Amino acid sequence: MQNNITDGLATVASHPLIVQVINQGTGIWGNVVTGLITAVAAIGAVMLTHRFTLNREKNASDNKIQRERYFIATELVCLLERFAQGCVDPAHESGYVDPQYRGIPEFSYERITGDWRSLPPELMYQLRQLPVLHQEALQSIYAAYDNDNPSDCDSYLSELKSQSSRLGLKAIRLSRELRQICSMPHDDLSNHSWSTWRRLSSANARIINDTLHSARRHYKFNAVMYPQKPTTGLVDSPQSG
């Protein structure tokens, strides 16, 4: 065993690095340290290069998303605001209206060519929901028309004005949110008494007031026609036969 240990030590001692250490003494450690520093510096340079590359790619990706978002937002803002402007006249409609008169303007995203995925998910959902609300509004308007009595179009007109003002205001709110997230200029839809937002808001406020007045009249009518009997707090017992 002692011979094996001696042979092993002889093998280690004959290694070129060990021989260099023996020949150069402590000066070899300077070379070792220099080599380690060089290796660490090389690794650090590679890591920094990789990090810079990732940051550059991320910035390029973010810039691309911003450009795509701004593009589709421009398309959507114009579409939404034109739709809201088309809702103003139906929201203030009065008099007899032909049941074939659609009232609320058409609404579709068919001509939108931008990338929807660039939009925030919640906003994208609300935008995608608008055509569904539009279709529901049309069905509600047509359902309010009395085919048996076409001359009585009060319910029809009331529903037409209500749905038009509601959808028009929602379209403007979505448009303004798009403008905000893309740092676009503010719209001019509230600057004047005849502006789209103000006219739709006034129509909506009038509908709410009419609904409240109608509810109050209905309550007063029921109170007069069906007055409640005063209660004594006692429960009458059934009469025994």
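How many helices and how many strands does the secondary structure of the protein chain come to? I found seven helices and zero strands, where helices (H or I, at least four residues) and strands (E, at least two) are DSSP runs numbered from the N terminus. Read along the sequence, the pattern is α-α-α-α-α-α-α.

I noted that this is a predicted model, in which local features need pLDDT of at least 70 and side-chain atom pairs count only at pLDDT 80 or more, while totals for chains, interfaces and linings use all residues. Residues are numbered from 1 along each chain as its sequence is written, and side-chain values use heavy atoms, with hydrogens and water left out.

I looked up how much of the chain is buried, and buried residues make up 25% of the 241 residues; buried means under 20% relative accessible area, exposed over 50%, and partly exposed in between, with a 1.4 Å probe and protein chains only. Taking contacts (heavy atoms within 4.5 Å) between residues at least 6 apart in sequence, I read that 74% join residues at least 24 apart.

**Helix H5.** I followed H5 through residues 121-143, which are 23 residues reaching 33 Å from first C-alpha to last, close to the 33 Å expected (1.5 Å times one less than the number of residues). H5 bends by about 30 degrees at Leu130, and Pro131 follows within four residues; the bend is the angle between axes fitted to the seven residues ending there and the seven starting there. Leu130 is also one of the buried residues of H5, which include Leu123, His134 and Ile141. Glu136, also in H5, counts as partly exposed because its relative accessibility is 46%.

**H5 beside H6.** The axes of H5 and H6 (residues 154-181) come within 10 Å and cross at roughly 170 degrees, the axes being lines fitted to C-alpha atoms over the stretch in contact, with angles from 0 to 180 degrees between N-to-C directions. The two helices are therefore roughly antiparallel, a word used for angles over 145 degrees. Among the H5 residues that meet H6 are Leu127, Leu130 and His134, and among their H6 counterparts are Leu160, Leu167 and Leu174.

**Ser183.** In the loop between H6 and H7 (196-225) I found Ser183, which has a positive phi of about 55 degrees although it is not a glycine. Most residues other than glycine have a negative phi. Ser183 is exposed, because its relative accessible area is 65%.

**Cysteines.** I searched the whole structure for disulfides (pairs of cysteine sulfur atoms within 2.5 Å) and found zero. Cys87 is buried at 0% relative accessibility, and Cys182 is buried at 10%.

Terms used: Angles under 35 degrees count as roughly parallel, over 145 as roughly antiparallel, 65 to 115 as roughly perpendicular and the rest as oblique.
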